[in-house]
Amino acid sequence: MKKIEFETYVNGNSPKRAIVGIHGWKGNRSSFKQIAISLRIPNTEWFFPEAPYIVEKNENERSWSYEIEPGIWERTEPKILLDDFLSAHVLSKYDSKNVFFVGFSQGGLMCYEYVLNLSQAWGGVFPIAGFMIDPTNSKKLRFHPNQIETPILIGHGREDDIVKLESSELAFAYLRRQGARVELLTYTGNHKIGIQFLRTMKQKIISIPLFD
């Protein structure tokens, strides 16, 4: 069985919260590190899990899924691996309400399809330039009722030509129908993480009271 490899970055001597950065397609455990350093969110431990599947034999390019056959993608194993990772390394140290997730592109998909389906109530979830699989199908539950109070901030570049802005608009509409505390923030730019979004995300994280 594969396992999730990861790195961490700590800002402050006594971290009280955790942020899990889920990289996108062809990213790796280093993808979010510079962002974590630049944001300087106090008393925070960042976790950078690395997707288990290698893309085109390049060890530094990773994916959270792989194509089993044309049009069919593996979705169960990566969730089991992330369950093990969170249980062993994150939830063993932090209450779930002090844990935040930020995911870019395919990492945004993991926020929608995995993180928001878990029973733990999170501190916040921040999908960026992400997408849902078949978001108009109301029979596919992607939102656990325990997430009803979880703050969700979606970010997307208006000029994104890789994952269209419509993908986040559809996800936003879906989550609103479920009664989620969700916001959508668009910004100038293509398939990237906007500075404005990062500043807003930081303010939201530090404004949320830590759970004792």
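Select K204 and E183: in this predicted model, their side chains form a salt bridge, with N and O 2.6 Å apart. K204 belongs to helix 5 (residues 195–207) and E183 to strand 11 (residues 181–187), so the contact ties together parts that are 21 residues apart in sequence. Colour the two by accessibility: K204 is partly exposed at 23%, and E183 is partly exposed as well, at 40%.

Next, select E50 and R29. A salt bridge joins E50 to R29, and the closest N and O atoms are 3.2 Å apart. E50 sits in strand 3 (residues 44–50), while R29 is in the loop between strand 2 (17–22) and helix 1 (33–39), so this pair also links parts 21 residues apart in sequence. Is E50 buried or exposed? Its relative accessibility is 8%, so E50 counts as buried, the cut-off being under 20%. R29 is partly exposed, at 22%.

R62 lies in strand 5 (residues 58–63) and E50 in strand 3, so the bridge connects parts that are 12 residues apart in sequence. R62 is buried, with a relative accessibility of 12%.

Together, R29, E50, E59 and R62 make up a network of salt bridges.

To finish, show every salt bridge in the model. How many salt bridges are there? The count is 8.

Notes:
Residues are numbered from 1 along each chain as its sequence is written. This is a predicted model: local features need pLDDT of at least 70, side-chain atom pairs count only at pLDDT 80 or more; totals for chains, interfaces and linings use all residues. Side-chain values use heavy atoms; hydrogens and water are left out. A salt bridge is a side-chain nitrogen of Lys or Arg within 4 Å of a carboxyl oxygen of Asp or Glu. Helices (H or I, at least four residues) and strands (E, at least two) are DSSP runs, numbered from the N terminus. Buried means under 20% relative accessible area, exposed over 50%, partly exposed in between (1.4 Å probe, protein chains only).
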